[in-house]
Amino acid sequence: MNDPGYDFVPLAPDVRRIARAEAHWDRRAPGTLAGRIDITLTAEQPLHVGGGSKEARPPHVVLRGARIRGRPGIPGSSLKGVLRARFEAITRSCTSLSPGFTPIKIRSSTTDIKKARLTPSLRPAALGGGCTERCACPACALFGRMSLRSRITVTDLVCTGDTDFAIAAMPERFGPNLHHVGPARINASGDAFEVIGFHGRKFHRGHGPATEARQHVETIPTGAEIVGQIRLFNATPAEVGGLLAALGCDPVSAIKLGGGKAHGFGRARCHARCALVAHGSTPLDPAQWRAAFLDSPDRWDDGETRLVALHRGDC
């Protein structure tokens with residue numbers, strides 16, 4: 001069987017939605033940390049984070065990469081999205097997938113069916129939309145949701161030195177198909193797929209099947225270093241430990257970001273240096289942050305084990 005270039009991290013059996021006293025901005029919460037984490041990403045594969053524009057460079061049209069202050073870089077929002085997805089996967093959090101009970105358009109090379117939807121019988125509690133400002137899952141509480149401000153800010157990251165873009169040919173990309181996220185059946189009328197379960201959260205790895213079509217893109221080259229900051233407020237030691245795990249720092253793994261993640265693009269390693277100040281008697285030893293996350297009821301052990309396995313080697 002051909003490698004599809006992605007795999008799934010299993011969903012936690014439940015979503016831990018509780019009132020969280022630290023999830024606010026109007027005052028410091030006892031026992032929390034605030035400050036910054038200085039991060040350096042080292043590209044182990046070419047990185048393409050699109051800048052939203054194209055440029056004619058005969059004989060090709062090139063998709064431009066993101067520029068930060070005129071230099072190659074990564075928007076903070078792009079890295080924050082990756083971190084949230086990874087943090088969701090290792091905690092008992094809801095998914096960022098909105099309920100898709102209304103049929104949406106899909107493509108398929110094996111059938112004439114062009115629509116898919118989620119069945120209402122799926123566990124709605126696992127989907128986005130169940131958290132509130134007063135009762136939130138771990139990811140929504142830290143990264144924010146409607147009416148609940150995020151306690152984490154990721155600055156734009158910029159390449160160091162004289163790093164410049166390189167041009168690479170990337171297999172043409174397509175949006176994900178809804179009927180691939182879990183087991184699906186054809187509905188009674190025969191005109192749509194109905195997804196009746198979830199495989200888990202989807203993460204890219206390895207080298208998936210590529211079309212003959214290629215698009216030329218600007219990439220941050222392998223070996224480049226990209227630096228930025230993560231700023232935290234009212235973060236518990238367990239949340240910091242979980243965030244360092246999501247960054248691939250402890251336990252060690254790669255992170256994947258940008259386009260072409262299943263085609264030899266997007267792998268990076270993160271080095272983090274913490275400058276966090278405690279409010280009260282919070283332990284400052286990073287080993288204690290990891291221990292706090294390991295002991296936290298928010299942690300999803302199977303999710304972290306699987307995510308690290310997917311992104312530890314040649315992903």
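Cys159 is buried, with a relative accessible area of 3%, where buried stands for under 20% relative accessible area, exposed for over 50% and partly exposed for what lies in between, computed with a 1.4 Å probe on protein chains only. The cysteine sulfur closest to that of Cys159 belongs to Cys270 and is 14 Å away, which is too far for a bond. This is a predicted model, in which local features need pLDDT of at least 70 and side-chain atom pairs count only at pLDDT 80 or more, while totals for chains, interfaces and linings use all residues. Residues are numbered from 1 along each chain as its sequence is written, and side-chain values use heavy atoms, with hydrogens and water left out.

A search of the whole structure finds zero disulfides, a disulfide being a pair of cysteine sulfur atoms within 2.5 Å. Cys94 is accordingly in no disulfide, and its nearest cysteine sulfur, that of Cys137, is 3.7 Å away. Like other residues under the cut-off, Cys94 is classed as buried, with a relative accessible area of 2%.

In soluble globular proteins, nonpolar side chains tend to be buried together. The largest nonpolar core of this model has 46 residues, among which Leu41, Ile74, Ile230 and Leu232 touch the most other members; such a core is a set of buried Ala, Val, Leu, Ile, Met, Phe, Trp, Tyr and Cys residues joined through side-chain atoms within 4.5 Å. The elements that give two or more residues to this core include the strands β2 (32-43), β16 (225-235) and β18 (267-279), together with the helices α1 (76-89) and α3 (237-246). Helices (H or I, at least four residues) and strands (E, at least two) are DSSP runs, numbered from the N terminus. Once neighbours within four places in sequence are left aside, Ile74 is in contact with residues including Leu41, Leu47, Val49, Ile68, Ile220 and Leu257, contact meaning heavy atoms within 4.5 Å.

Helix α1 has 14 residues and reaches 20 Å from its first C-alpha to its last, close to the 20 Å expected at 1.5 Å a residue; the expected span is 1.5 Å times one less than the number of residues. Among the buried residues of α1 are Leu79, Val82, Leu83, Arg84, Arg86 and Phe87. Gly81 also has its place in helix α1, but at 42% relative accessibility Gly81 counts as partly exposed. In space, Gly81 and Val154 are 9.8 Å apart, C-alpha to C-alpha, although 73 residues separate them in sequence.

Thr236 is found in the loop between β16 and α3 and is buried, with a relative accessible area of 17%. Not counting residues up to four places away in sequence, Thr236 touches Glu22, Thr32 and Leu33.

Side chains of opposite charge can pair when their charged atoms come close. The structure holds 24 salt bridges, each a side-chain nitrogen of Lys or Arg within 4 Å of a carboxyl oxygen of Asp or Glu. One of them joins Arg273 to Asp38, with the closest N and O atoms 3.1 Å apart. Arg273 lies in strand β18 and Asp38 in strand β2, so this pair ties together parts that are 235 residues apart in sequence. Asp38 is buried, with a relative accessible area of 13%.

A salt bridge with an N to O distance of 3.3 Å brings together the side chains of Arg57 and Glu55. Arg57 is partly exposed, with a relative accessible area of 29%, and Glu55 counts as partly exposed at 30%. Both belong to a network of salt bridges that links Glu55, Arg57, Arg64, Arg67 and Glu218.

A further salt bridge forms between Lys115 and Asp191, whose closest N and O atoms are 3.6 Å apart. Lys115 lies in strand β8 and Asp191 in the loop between β12 and β13 (193-195), 76 residues apart, and the pair thus links distant parts of the chain. Lys115 counts as partly exposed at 32% relative accessibility, and Asp191 is partly exposed at 35%.

Strand β8 leads on to an open sheet of four strands with the order β7-β8-β13-β12 and mixed pairing, where two strands pair if DSSP finds at least two bridges between them. The edge strands, β7 (104-105) and β12 (184-186), each pair on one side only. Two bridges join β7 to β8 (residues 115-118), and these strands run antiparallel. Within that pairing, Lys105 stands opposite Lys115 in β8.
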